[in-house]
Amino acid sequence: GRILSGVTFEAADDLEVELRYQDKPIAMRDARWQNPFPISAWVGGTYSFLPYPFPADYDGQHGRFELALAVDDPRFESLRYYFSLHLVARNYEAHEFRLEEYSLPDLFVLPREAKQDT
């Protein structure tokens with residue numbers, strides 16, 4: 001996915017986006033993947049996750065998982081994007097691991113309004 005400024009429509013910079021399940025960060029499959037994912041100028045506002053697989057009771061089991069993306073940065077209004085994935089369990093050997101790709105729409109962060117004393 002990609003996070004953009006809601007003011008300039010340019011790529012967001014210097015913030016983190018977190019992938020959550022049941023309001024908790026999801027563990028990543030490999031230590032090289034980060035959650036939360038740091039968004040910096042060199043990634044052009046894009047983020048990517050490789051979650052650890054959800055356990056299944058049997059091969060072919062279907063499951064729907066309600067997930068959320070979260071950005072909590074004091075400079076911006078909190079961002080929550082909720083989505084669900086329908087997954088089917090497959091019993092692969094470790095060397096047969098298959099990666100599925102899911103793309104999400106562009107998301108926008110808006111700056112917090114400065115509080116004015118009256």
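Phenylalanine 108 counts as partly exposed, because its relative accessibility is 36%. Here, buried means under 20% relative accessible area, exposed means over 50%, and partly exposed lies in between, with a 1.4 Å probe and protein chains only. The model is predicted, so local features need pLDDT of at least 70 and side-chain atom pairs count only at pLDDT 80 or more, while totals for chains, interfaces and linings use all residues. Residues are numbered from 1 along each chain as its sequence is written, and side-chain values use heavy atoms, with hydrogens and water left out.

Aromatic pairs were searched for in the whole structure, and 7 were found. The rings of phenylalanine 9 and phenylalanine 108 form an edge-to-face pair, because their centres are 5.8 Å apart and their planes stand at 80°. Rings of Phe, Tyr and Trp (its six-membered ring) pair if their centres lie within 6.5 Å; planes under 30 degrees apart count as stacked, over 60 as edge-to-face and the rest as tilted. This pair links distant parts of the chain, 99 residues apart. Phenylalanine 9 sits in the loop between strand E1 (3-5) and strand E2 (15-21), and phenylalanine 108 lies in strand E7 (residues 107-109). Strands (E, at least two residues) and helices (H or I, at least four) are DSSP runs, numbered from the N terminus. Phenylalanine 9 is exposed, at 56% relative accessibility.

Tyrosine 81 and phenylalanine 83 also pair. Their ring centres are 6.0 Å apart and their planes are at 25°, so this pair is stacked. Tyrosine 81 is partly exposed, at 23% relative accessibility, whereas phenylalanine 83 is buried, at 14%. Elsewhere, ring pairs join Tyr21, Phe54 and Phe65 into a cluster.

The largest nonpolar core contains 22 residues. Such a core is a set of buried Ala, Val, Leu, Ile, Met, Phe, Trp, Tyr and Cys residues joined through side-chain atoms within 4.5 Å. Ile3, Val17 and Tyr47 have the most contacts inside this core. At least two core residues come from each of E2, strand E4 (37-39), strand E5 (62-71), E6 and E7. E5 gives the most, with 4 residues. Beyond residues up to four places away in sequence, valine 17 touches several partners, including Ile3, Phe37, Tyr47 and Leu69. Contact means heavy atoms within 4.5 Å.

Asparagine 91 lies in the loop between strand E6 (79-88) and E7. Asparagine 91 is exposed, with 63% relative accessibility.
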